[in-house]
Amino acid sequence: MKYILSVEDSLLFSSNIKKSIEANIEDTTVITAHSMSDAKKILDSKNYDFHLSLLDMNLPDAPNGEILDLINAHKIPVFVFSSMMEDKLHKQIFSKQVVDYVLKGTTTSISYLVRMVNRYIKNETTKILYVDDSKTARRFITNLLYRYNFNVLTASSGAEALEILENNLDISLVLTDFVMPEMDGIQLTREIRRTHPDWNVAIIGLSAEGDDKLSGRFLKSGGNDFIKKNFQREEFFCRIHQNINLVEHINDLHMIANNDFLTGLPNRRTFFTVGETLHENAVRQDLKAVVAMMDIDFFKNVNDTWGHKAGDDVLKEVALKLTKRCRASDIIARVGGEEFAFFGIDMNSEQAFKALNEFRTAVEEIVVMEDDDEIKPTISIGFATLDFAENFGEDLNTLVQRADEALYKAKENGRNRVEKYDEQSLLQAANN
C-alpha cells in the first residue's frame, strides 16, 4: 500500500483529490490534512510511510508556503497545487525539492493531478538510459530524473550504451547527448534502431548547441524527439512523459493484439505466428517437436451451473498452472473458449507425454470456490509429434489437426487423460 499526504484547506477539493486518486490508482491511500498543524500531527504520529505529498502553498496557518519546508524536512517528494504560478512562486518551489506543480481552478486539474501521480508511481519501474561523456551533465540530468522517481542507468559512450541496452531489454527511453567522441548521438540512434523499433524504445536527443538542421537529422535517423540543453524543467519532463506514455500505449496495443484479454496468454493468432517459426527452426535444425491441444472437461457445465464469472476464474487458474510448467523455449496459448494449444521444441514422444501429463495433474490441483461449492476442473490433452522418420516436412496446421484428433480420442476414452496421435489406431477406431 502506498500512502500519499494531501494538505489542502478546501474540504471539497481535498475530498475530490482523495476520491479520484484512490479510485484510479490501485493500492494507494490518501491521508488528508487541512492545515499545516494537521499535517504536523500526522507526520509526528509516524503512522505512515508517505510515498508522496500534495501541497497547497496557501494555508490558513501557513500562507507563505511554510508547509513546503515542513515536508522537505521529512524528505517526502512534493507535488504543489496552486491557483496561479507567478514567477516569484515558480522560483520558490523549484528552489526546493519539488517534483512538479498543478494549477487549480480548471475543469481538468484533478484528472491531470491523478495522471501525474500515477506517472510518478509508475516511474519507479520505468528505466531510462542517459548517455553523455560529460560527468557534470550526467550528474545534473540524472538528479532531475531521480526527482521524478525514474530508474536511471547511465553510459559515458555509445558503445557502453549499446551494451547496457543489450542487458536491459526493459529500457523505455534513451536520452543521448549529440556531441560524443567515437560515436555521436545520431550514430548511436542508428545503431539502436537496428534492433529496437521506435514503438519499443523512445530516443530523445540532447544538445547544448545546434540548429533546426541538427534536430531534423536526428529525427530522420530514428529519434523520437530533440531537446536543447537550455530547457525549462516543465518542457523537459513533459517531453519525456509524452514519449514514455506513447511507448507504453503502443506496447499495450501490441499486448491486446497478441494476447488473450482474460488469461494474458498468447492468443490464437500469436500461437500460429510463433508456432510457424518454431516449426521452421525444428525442421532446419533436425529437432523433435510436439504440438498439443488441451480442452477443459465439461466446461459448459461450469458456466451453466455457477455462471460465467466462475467460468472465467477457472480459465485463469488453468492458464496460470499451464504457464508455470511451460519452458521459456516453448509457447502455450488460449486458442478458443476453453481450449489451449502448446508447441514444444526439442522434445520427443516420451518427454512430451511426461510434460503434458504434468500439465494434466497440475490442473487437477485447482480448486475454485464459488459460494460454498468447490469447482475442480480437469483437462484432456491430445498431442502429435514432428517425426522425421515418418512426417518430415509436415506443416504446423497438419500437426494441430492431428493433435486435435488425439484430443478427441482422449475425450472418447474417458477425459482427464493424455493421448498421442496414432494414425493406425485412429483408423481402426473409425472403421469400428
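User: Why does Asp177 count as buried?

Analyst: The relative accessibility of Asp177 is 6%, and buried means under 20% relative accessible area, exposed over 50% and partly exposed in between (1.4 Å probe, protein chains only), so Asp177 falls in the buried class. This is a predicted model, in which local features need pLDDT of at least 70 and side-chain atom pairs count only at pLDDT 80 or more, while totals for chains, interfaces and linings use all residues. Residues are numbered from 1 along each chain as its sequence is written, and side-chain values use heavy atoms, with hydrogens and water left out.

User: What does Asp177 touch, and where is Asp177 found?

Analyst: Asp177 belongs to strand β8 (residues 171-177); helices (H or I, at least four residues) and strands (E, at least two) are DSSP runs, numbered from the N terminus. Leaving aside residues up to four places away in sequence, Asp177 touches Val131, Asp132, Asp133, Gly185, Leu206, Ser207 and Lys229, where contact means heavy atoms within 4.5 Å.

User: What makes β4 mostly covered?

Analyst: In β4, 5 of its 5 residues are buried. Val78, Val80 and Ser82 point one way from the strand, while Phe79 and Phe81 point the other way. In general, the side chains of a regular strand alternate between the two faces of the sheet.

User: How do you know that β3 is joined to β4, and where does β4 stand in the order of the sheet?

Analyst: Two strands pair if DSSP finds at least two bridges between them, and strand β3 (residues 50-56) and strand β4 (residues 78-82), which run parallel, are joined by 4 bridges; Ser53, for instance, has Val78 in β4 as its bridge partner. The open sheet has 5 strands with parallel pairing, in the order β2-β1-β3-β4-β5.

User: Why do β2 and β5 stand at the edges?

Analyst: Each of β2 (28-33) and β5 (100-103) has a single partner strand, so one side of each is left without a neighbour in the sheet. Helix α5 (residues 109-122) lies across β1 (2-7), β2, β3, β4 and β5, and runs at about 160° to β5.

User: What makes a set of residues a nonpolar core, and how many residues has the largest?

Analyst: A nonpolar core is a set of buried Ala, Val, Leu, Ile, Met, Phe, Trp, Tyr and Cys residues joined through side-chain atoms within 4.5 Å, and the largest here has 40 residues, with Ile21, Leu54, Val117, Leu145, Leu175, Phe236 and Ile240 having the most contacts inside it. Helix α5 gives the largest share of this core, 7 residues. Val117 touches Ile4, Ile21, Ile25, Leu52 and Leu54, not counting residues up to four places away in sequence. Apart from this core lies another, of 31 residues, which include Val290, Leu356, Ile366 and Val368.

User: Why are α11 and α16 called roughly perpendicular?

Analyst: Helix α11 (residues 268-284) and helix α16 (residues 396-412) pack at an angle of about 110°, with their axes 10 Å apart; axes are lines fitted to C-alpha atoms, for helices over the stretch in contact, and angles run from 0 to 180 degrees between N-to-C directions. Angles under 35 degrees count as roughly parallel, over 145 as roughly antiparallel, 65 to 115 as roughly perpendicular and the rest as oblique, and the two helices are therefore roughly perpendicular to each other. Phe271, Phe272, Gly275, Glu276 and His279 of α11 make the contact with Leu396, Asn397, Leu399 and Val400 of α16.

User: Which strands are the edge strands of the sheet with mixed pairing?

Analyst: In this open sheet of 5 strands, ordered β12-β13-β11-β16-β17, the edge strands are β12 (331-334) and β17 (418-420), each of which pairs on one side only. Strand β16 (residues 379-386) and β17 run parallel and are joined by 3 bridges, and Ile381 stands opposite Val418 in β17.
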